[in-house]
Amino acid sequence: ISIKGRSTSRVGIDIGADYAFSSRARVSLNALNISVYRGDPDALPLIAELRGEWSPYNQLHLGGAVRLREVIGSEYQLGVRYDIYRIISIMAGYMSGSKEWSTGFVVDNNVITVQYGLTDHRKLDFSHFVSIGVKFK
């Protein structure tokens, strides 16, 4: 048995637009996992996403998203985020695609955002998600 080649880069770019109706309601349209390397056999599936968020109280945020995933099809996500400090939040949510619950935290200083998520996956044991983002204003 021989392995001719294997890529583990999985590097992609996410782009999107965000519109705030008010200080309590916003919507965004995003394109996720745009492959950096052409022809990468391990590229993550391209995702078109419509996301909305509503904040009934200053520290509580309810959100949802509809995602159209390349090859896989559509799925939805529902979640809740609670701000425990000005820049630190905890969150929990449900993903219809994997039928799994997840939890995590966010550190966001309005320029740089760091996210961590954890899901107890049925087949993969624990799945971790780490994201670092920069906002341009």
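Two strands pair if DSSP finds at least two bridges between them.

Before going on I noted the source. This is a predicted model, in which local features need pLDDT of at least 70 and side-chain atom pairs count only at pLDDT 80 or more, while totals for chains, interfaces and linings use all residues. Residues are numbered from 1 along each chain as its sequence is written, and side-chain values use heavy atoms, with hydrogens and water left out.

**Entry: β3, β4 and β5.** I found isoleucine 47 opposite arginine 69 in β4. A hairpin through 5 residues joins β3 to β4. I then followed β4 to strand β5 (residues 73-83): 10 bridges join them, again antiparallel. Alanine 65 has glutamine 77 in β5 as its bridge partner. The hairpin of β4 and β5 has 3 residues between the strands, and valine 71 in this hairpin takes a positive phi near 75 degrees.

**Entry: positive phi.** Most residues other than glycine have a negative phi, so I looked up further exceptions. Asparagine 33, not a glycine, has a positive phi of about 65 degrees; asparagine 33 is in strand β2 (residues 25-35). Asparagine 110 has a positive phi near 80 degrees and sits in the loop between β7 and β8 (112-121).

**Entry: aspartate 14.** I located aspartate 14 in strand β1 (residues 12-20). Which residues does aspartate 14 touch, not counting those up to four places away in sequence? I noted Ala31, Leu32 and Asn33, where contact means heavy atoms within 4.5 Å. Aspartate 14 and alanine 31 are 17 residues apart in sequence, yet 5.7 Å apart in space, C-alpha to C-alpha. The side chain of aspartate 14 reaches the backbone nitrogen of asparagine 33 at 2.9 Å.

**Entry: phenylalanine 105.** I placed phenylalanine 105 in strand β7 (residues 100-108). Phenylalanine 105 is partly exposed, because its relative accessible area is 35%.

Notes. Helices (H or I, at least four residues) and strands (E, at least two) are DSSP runs, numbered from the N terminus. A polar contact is a pair of N or O atoms within 3.5 Å; within protein, one must be able to donate a hydrogen and the other to accept it, and residues adjacent in sequence count only if both atoms are side-chain atoms. Buried means under 20% relative accessible area, exposed over 50%, partly exposed in between (1.4 Å probe, protein chains only).
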